[in-house]
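Notebook open. I am looking up aromatic rings and the charges beside them.

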Amino acid sequence: MRLTRRRPLLVAVLFCALAVLAARPADGDGSHAPGHGSPSVSAEVARLYEEAAKATEQYEAGREEAEKQRDLAQRLEERLDRERQQAAVLREDLGRIASSQYRDGGGLPLTAHMLLADDPEQLMRGQRVVQHAEVTLDQALGRSERAEARLARDEAKAAAAWKKLEQRNEELAALKQDIEGKLESARWKLQGEADASVAAGSCRGAVRLDQPPAQYTTSWVAPVETYELSASYGSGGARWANRHTGQDFAVPIGTPVRAVGSGTVVRVSCGGAFGIEIVVEHPGGYYTQYAHLAAVAVDQGERVSPGQWIGQSGTSGNSTGPHLHFEVRVTPEMGSSVDPVAWLAGRGVTL
């Protein structure tokens with residue numbers, strides 16, 4: 001009877017266990033739980049960020065080359081104009097010589113000139129001078145015409161190259177605009193997922209981004225590659241209860257955030273004033289904080305190297321716009337910060 005009484009309880013326990021297992025997400029799906037973002041969005045933003053950078057680089061290079069070709073075409077056109085002016089002057093000189101010869105009897109045969117002249121030898125010398133001048137003028141005119149033709153060909157080639165580059169630049173500009181439009185859309189989708197994570201107070205696991213080839217020969221780097229400095233360390237204002245504890249870098253959402261030096265990730269958290277944040281411990285007892293992120297690319301306890309992408313910037317938490325809040329501390333906790341600009345400068349990084 002005792003065994004019979006326990007069977008319904010055992011069956012109920014088994015049903016509860018199966019229900020719990022069925023409700024749990026499968027391994028690897030934790031990042032898709034409520035309050036978590038999709039790894040594909042972070043990866044898409046990182047990919048589009050790189051594509052936009054390359055498209056911008058290509059567009060700028062094409063624009064500079066088009067400017068050079070346009071300048072070359074303009075210089076050749078100016079030289080061509082000068083050659084035409086010189087040729088016109090030479091033709092005028094030739095016309096004056098011919099007119100002078102006609103007025104002086106240049107139409108008579110040379111024998112008649114000799115018979116009528118008082119001094120035939122002087123006449124011959126004069127004729128030789130005139131003939132030499134004519135030959136010299138004809139040669140100069142021929143050279144000018146050849147130069148004009150050559151310059152006209154070169155100018156036409158330069159103008160054609162310029163127009164071709166301008167057409168290519170229009171295509172690059174359209175491609176760049178298309179990528180930037182997709183990037184902007186993906187950025188705000190990523191930020192929406194970050195806001196959901198912060199609201200839930202639950203961070204997803206690291207989203208592994210394709211790291212660019214290592215190009216750093218120094219032990220320390222800036223936390224972002226391209227930026228504008230905004231709120232500085234120690235500045236005051238209504239946004240903070242006390243003085244600003246870090247250095248802000250104004251960057252768009254999704255900008256790759258880099259570890260400034262080698263170290264170990266000691267905190268990855270979501271929620272609170274800093275939104276999504278990462279804290280890294282460095283040798284020598286210093287800590288760096290990266291806050292208001294849209295995504296993280298490292299897990300707590302992970303080792304990082306200088307320049308490694310550890311997250312993507314955003315505007316999570318108490319933030320008035322997209323930026324990276326960067327701090328340097330002597331403990332992992334807030335309230336122990338030092339001037340990050342001076343700290344980085346002491347390690348060879350000038351912002």
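Predicted model: local features only at pLDDT ≥ 70, side-chain atom pairs only at ≥ 80, totals over all residues.

Residues are numbered from 1 along each chain as its sequence is written, and side-chain values use heavy atoms, with hydrogens and water left out.

Entry on ring pairs. I looked up the aromatic pairs and found 5. Rings of Phe, Tyr and Trp (its six-membered ring) pair if their centres lie within 6.5 Å; planes under 30 degrees apart are stacked, over 60 edge-to-face, the rest tilted. One of the pairs is Tyr227 with Phe249, edge-to-face, at 5.1 Å centre to centre and 80° between the planes. Tyr227 sits in the loop between helix 4 (120–200) and strand 1 (228–229), and Phe249 in strand 2 (residues 247–250), 22 residues apart. Helices (H or I, at least four residues) and strands (E, at least two) are DSSP runs, numbered from the N terminus.

Is Phe249 buried or exposed? I find it buried, at 0% relative accessible area. Tyr227 is partly exposed, at 24%.

Phe249 also pairs edge-to-face with Phe326, at 6.3 Å and 75°. Phe326 belongs to strand 9 (residues 324–329), 77 residues from Phe249. Phe326 is buried too, at 0%. I note that ring pairs join Tyr227, Phe249, Tyr290 and Phe326 into a cluster.

Entry on charge. The charged end of Arg347 sits over the ring of Trp220, 5.6 Å from its centre. A charge counts as over a ring if NZ of Lys or CZ of Arg is within 6 Å of the ring centre and within 35 degrees of the ring normal. Arg347 also lies over the face of Tyr286, at 5.3 Å from the ring centre.

Key. Buried < 20%, exposed > 50% of the residue type's maximum accessible area, 1.4 Å probe, protein only.
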